[in-house]
Amino acid sequence: MATTFAVGDRVRIRDWDDMASEFGVDEDGEIPCKYIFAPAMRDFCGQEYTISTTRNNPDGTQKLYFEDAEDDEDDFVWSSDMCEHILSSPNVSVESIEDFV
């Protein structure tokens, strides 16, 4: 099942090699995930964004829009299979850990 994102989620654009190993690279040098990941998008690998809008696709993937994207990021179409969740760290203090020890 495809990863599902929600508005407000923090995501990171996946590494090129990670996507290439999952989807392959076509004869044009593009990664054929839901929406083509073109070589020009490679500079965005590892960048982090907050999702502002999602559009669900029939195949379980999503089209994603980022609230903190610059104009050049908006020139591309982003899909959920190009992204990974950024897990937030819980706020744990030394004092609260001692409560469990």
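Trainee: What should I know about the model before looking at side-chain pairs?

Mentor: The model is predicted, so local features need pLDDT of at least 70 and side-chain atom pairs count only at pLDDT 80 or more, while totals for chains, interfaces and linings use all residues. Residues are numbered from 1 along each chain as its sequence is written, and side-chain values use heavy atoms, with hydrogens and water left out.

Trainee: How many salt bridges does the structure hold?

Mentor: Side chains of opposite charge can pair when their charged atoms come close. A salt bridge here is a side-chain nitrogen of Lys or Arg within 4 Å of a carboxyl oxygen of Asp or Glu, and the structure holds 7 of them.

Trainee: Which parts does the pair of Glu 84 and Arg 12 tie together?

Mentor: The two side chains meet with N to O at 3.3 Å. Glu 84 lies in strand 5 (residues 83-85) and Arg 12 in strand 1 (residues 10-13), so the pair ties together parts that are 72 residues apart in sequence; strands are DSSP runs of E, at least two residues, and helices are runs of H or I, at least four, numbered from the N terminus.

Trainee: Is Arg 14, which pairs with Glu 22, buried or exposed?

Mentor: Buried means under 20% relative accessible area, exposed over 50%, and partly exposed in between (1.4 Å probe, protein chains only). Arg 14, whose salt bridge with Glu 22 spans 2.7 Å from N to O, is buried at 8%, whereas Glu 84 is partly exposed at 31%, as is Arg 12 at 25%.
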